[in-house]
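Thanks for coming. I will walk through a few local features of one model, strands to begin with and then rings. Please keep the structure open as I talk.

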Amino acid sequence: ELAHHPSLNINVEEKNGASPDSIYELENQYTYRWSRKNLKGCIDEVGGRAYTQLPFIVMAILPIDLYYKVPDSFKEKYIPTYAFFASRRENAHMTTKMSIDQGLRTADLGKLYSYIDSHSSKFPDDENGYQSLKSIHTDITDRFTYDNDKESLFGIDNRKDRLGAFIDQGVVREINRYSNYVAITRKLGLHYFTSYLCDVRTGELSGNFYTPMLHSDYLIAVVLKDYHLQYIYPKNSNFGYYINEIPFYFENAKSRLIQPLDYLVVNRQIEEEAKEVRIFSSTENENIRRANVLVKVDLDKSILAFQAKIDLTGQFSTITRGIYQKNVINQYVNKIYNEKLWSFDKDIEVQSEKFVMKDNQFPFQANINAQYSGAHLMKKDGDDYTINMKNWFNHVIYENFQAKDRQLDFYADFKSKDSYVYYFQFSKDVQLTSVESNVNIENEYGIYNFSVTQINPTTIKVSSFYEVNSTSIAASKTKMVEDIFTAIEKSNLMELRFQ
């Protein structure tokens with residue numbers, strides 16, 4: 001039940017059949033009443049997006065304090081909610097923008113200008129500004145460290161933001177991470193939008209739902225001189241994303257594009273609606289992870305020596321390369337993404353690990369080469385050997401997934417192809433005795449193949465391939481998801497047996 005005074009202006013947005021059973025006025029009070037019974041407790045079902053299916057309301061209160069007088073008229077209108085939140089988030093931007101636009105020169109800004117010029121001077125024929133912008137952002141992504149600004153946020157350090165001083169030191173401060181790009185964009189003679197959006201796993205911006213604009217990260221959408229948009233997600237850790245690199249939870253999100261001219265121009269009516277676009281998405285042929293591992297097995301010393309090569313593209317690069325490149329954990333995703341290939345055992349000794357960023361443009365190809373070893377992974381019992389391969393396959397799933405009685409559709413993080421191949425090379429001839437059956441599952445959700453094969457007397461191959469080719473599966477069909485997840489869980493408990 002929802003009730004309010006009749007003089008209070010309220011917008012109630014009803015979603016997924018959430019219309020009230022009755023609306024009435026009684027005792028100087030408007031009342032909305034809903035009645036639902038025997039509801040399933042399903043809002044926390046893994047992989048579900050409750051806002052796409054469950055009934056809910058969004059209530060927006062419009063107090064008279066938000067009225068403003070429309071210039072050159074006798075009208076009064078509400079300040080659009082987007083403008084209210086944007087002005088709160090972007091207040092710091094305006095000082096920076098005006099300083100750059102007015103050509104203000106201070107010792108601090110001089111350092112900022114010098115840094116920008118050191119990049120833009122490399123591209124005298126950069127007609128649309130892209131090469132200069134990309135060069136600067138790539139340098140920040142690769143080289144700059146991140147400062148969480150605890151001293152500033154807790155009031156210990158109240159000095160000004162000092163953009164130039166920290167740019168000169170190669171540091172991105174939390175309080176500067178967006179203002180940096182306002183300054184860079186304007187100094188390059190480019191324009192920008194702030195791009196507000198919501199994690200697609202939890203919701204979507206709407207006419208009355210604006211909370212992410214106030215509390216969540218947003219993007220800077222830079223407008224090149226040829227009017228193409230380039231998205232930048234300013235770094236919030238020592239790891240950063242390249243230009244036009246967007247994590248999966250923002251893919252296909254509704255983005256609200258806002259510029260200061262929409263709401264800050266004196267003597268002009270505030271724009272009623274912000275511009276909206278959809279963020280681009282990737283496909284399974286762009287999101288690929290390949291792990292190929294040669295395992296040399298010394299049967300006399302019971303030592304396994306690994307030589308691994310990992311290839312990452314698309315979202316696998318975006319989401320997982322931080323753990324290899326900077327040892328930075330992504331706290332917003334399934335914890336399995338943050339597992340290195342050799343994290344299956346805490347006693348693994350890593351001899352070498354080399355990360356190479358092959359291409360900082362989509363699909364952001366990255367490679368990792370590593371050597372590591374374990375002296376406790378193989379057991380011998382008479383003539384029988386066993387290698388415990390528990391958690392050697394880091395396919396991203398939800399453990400103990402249950403389709404029975406599920407109410408919400410299942411959403412995968414993104415379409416993808418993920419493969420692991422282990423070649424065991426033994427110091428002597430062996431005979432495979434493992435009885436695991438090969439697995440071949442293909443359904444509407446995806447594909448899972450698992451096989452153990454003896455190639456020759458000294459070589460055994462174990463491979464696991466998981467493909468997601470549908471981003472959503474109806475609740476009634478999630479047995480398909482369960483079948484694949486269960487098979488992967490079983491594979492991750494495998495013991496390789498031989499004599």
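**Strands and rings**

His 4 has Tyr 30 as its bridge partner in strand 4. Before going on, note that this is a predicted model, where local features need pLDDT of at least 70, side-chain atom pairs count only at pLDDT 80 or more, and totals for chains, interfaces and linings use all residues. Residues are numbered from 1 along each chain as its sequence is written, and side-chain values use heavy atoms, with hydrogens and water left out.

Back to the strands. Helices (H or I, at least four residues) and strands (E, at least two) are DSSP runs, numbered from the N terminus. Two strands pair if DSSP finds at least two bridges between them. Strand 1 and strand 4 (residues 30–33) pair antiparallel over 3 bridges. They belong to an open sheet of 3 strands, in the order 1-4-3, with antiparallel pairing. Its edge strands are strand 1 (2–4) and strand 3 (22–25), each of which pairs on one side only. From one strand to the next, the twist averages 10 degrees; here axes are lines fitted to C-alpha atoms, for helices over the stretch in contact, and angles run from 0 to 180 degrees between N-to-C directions.

Further along, strand 23 (residues 439–442) and strand 24 (residues 446–456) run antiparallel and are joined by 4 bridges. A hairpin of 3 residues connects strand 23 to strand 24. Val 439 has Phe 450 in strand 24 as its bridge partner.

Now the rings. How many aromatic pairs does the structure hold? There are 41. Rings of Phe, Tyr and Trp (its six-membered ring) pair if their centres lie within 6.5 Å; planes under 30 degrees apart count as stacked, over 60 as edge-to-face and the rest as tilted. Phe 306 and Tyr 372 are stacked, because their ring centres are 4.6 Å apart and their planes are at 10 degrees. This pair links distant parts of the chain, with Phe 306 in strand 16 (residues 303–313) and Tyr 372 in strand 18 (residues 366–374), 66 residues apart.

Are these two buried or exposed? Buried means under 20% relative accessible area, exposed over 50%, partly exposed in between (1.4 Å probe, protein chains only). Phe 306 is buried at 1%, and Tyr 372 is buried at 0%. Phe 424 and Phe 426 are also stacked, because their centres are 6.3 Å apart and their planes are at 20 degrees. Both Phe 424 and Phe 426 are buried.
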